[in-house]
Amino acid sequence: GAHLGGGQIRDSNRTTLMGCAVENGFTPVDLGICVDKRAELVSGIRDALAKVDVLISTGGVSMGEKDLLKTVLREDIGCVIHFGRVFMKPGKPTTFATVTIDGQKKLIFGLPGNPVSATVTFYLFVLPALRKLSGDKNPQHTLMKAQVSADISLDPRPEYQRATLEYRDGNHVPYAISTGSQCSSRLLSVSKANALIVLPA
């Protein structure tokens, strides 16, 4: 790809989340990138909501001066924000809002900008909603018991660690093996995973 300039990063979230949607039978619409300026966000979101039923964005939902999404949704678009922070790791800034346009309710998911946080919250919040909207009678993910392959230190927040499941020695309960460092910017921890370990606080 092109050489990155100062203050720039690769856009891995768009490729990852569109791939997740396609893999699960949904057709995403690539609406591009909005810069962190209020007027452009307002225009971009209004245009997007005219084209889609569910809007998924990443970034702009934390506490920085450029994190304008929640303000724009509430004050400029007229959304009801149902939650804007979640007691979990990763994904604390995850935001969910709705707005009715021309009699049709639209769903808006504001996911964190960190790649792992965006992917995990897509699977935990967005995918079950998409399944429900498409008529799936069992939209939630499968939950199962597993053994951990090593001790895990618990976080003050409920945590969703990336892992692979592995069956050993004819045991009917699989082992959940961590994919390594669980840093929220380490996308490799997701690319190797086929499960999330649900850990209590």
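Tutor: Let's start with how elements are named: helices are DSSP runs of H or I with at least four residues, strands are E runs of at least two, and both are numbered from the N terminus. Keep in mind, too, that this is a predicted model.

Student: Thanks! In which helix is the place of Leu17?

Tutor: Happy to begin there. Leu17 touches Ile56, Thr58, Leu111, Ala118, Thr119 and Phe122, leaving out residues up to four places away in sequence. The place of Leu17 itself is in helix α1.

Student: Is Leu17 buried or exposed?

Tutor: The cut-off for buried is under 20% relative accessible area. Leu17 has a relative accessible area of 9%, so it counts as buried.

Student: How far apart in space are Leu17 and Pro115, C-alpha to C-alpha?

Tutor: In sequence, these two are 98 residues apart. In space, the C-alpha to C-alpha separation of Leu17 and Pro115 is 9.4 Å.

Student: Are α1 and α4 roughly parallel or roughly perpendicular to each other?

Tutor: Helix α1 covers residues 12-23 and helix α4 covers residues 115-133; their axes are 10 Å apart, at an angle of about 20°. Angles under 35 degrees count as roughly parallel. The relation of α1 to α4 is therefore roughly parallel.

Student: How many charged residues does the contact of α1 with α4 have?

Tutor: The crossing of these helices is right-handed. From α1 the contact takes Ser12, Asn13, Thr16, Leu17, Cys20, Ala21 and Glu23, and from α4 it takes Pro115, Ala118, Thr119, Phe122 and Tyr123. By class, seven of the residues in the contact of α1 with α4 are nonpolar and four are polar, while the number charged is one.

Student: How are α2 and α3 placed, roughly parallel or roughly perpendicular?

Tutor: The axes of helix α2 (residues 38-49) and helix α3 (residues 69-77) come within 10 Å and cross at roughly 70°. Angles of 65 to 115 degrees count as roughly perpendicular. The placement of α2 and α3 is therefore roughly perpendicular.

Student: Now to the loop between β5 and β6. Does Pro156 count as buried or exposed?

Tutor: Pro156 is found in that loop, between β5 (147-148) and β6 (159-166). Beyond its neighbours within four places in sequence, Pro156 is in contact with Phe87 and Ala201. Since its relative accessibility is 65%, Pro156 counts as exposed.

Student: Last one: what relative accessible area does Ala176 have?

Tutor: Ala176 is found in strand β7, residues 175-178. Ala176 is buried, with a relative accessible area of 6%.

Conventions. Residues are numbered from 1 along each chain as its sequence is written. This is a predicted model: local features need pLDDT of at least 70, side-chain atom pairs count only at pLDDT 80 or more; totals for chains, interfaces and linings use all residues. Side-chain values use heavy atoms; hydrogens and water are left out. Axes are lines fitted to C-alpha atoms, for helices over the stretch in contact, and angles run from 0 to 180 degrees between N-to-C directions. Angles under 35 degrees count as roughly parallel, over 145 as roughly antiparallel, 65 to 115 as roughly perpendicular and the rest as oblique. A crossing is left-handed if the near helix is turned anticlockwise from the far one by less than a right angle, and right-handed if clockwise. Contact means heavy atoms within 4.5 Å. Ala, Val, Leu, Ile, Met, Phe, Trp, Tyr, Cys and Pro count as nonpolar, Asp, Glu, Lys and Arg as charged, and the others, Gly among them, as polar. Buried means under 20% relative accessible area, exposed over 50%, partly exposed in between (1.4 Å probe, protein chains only).
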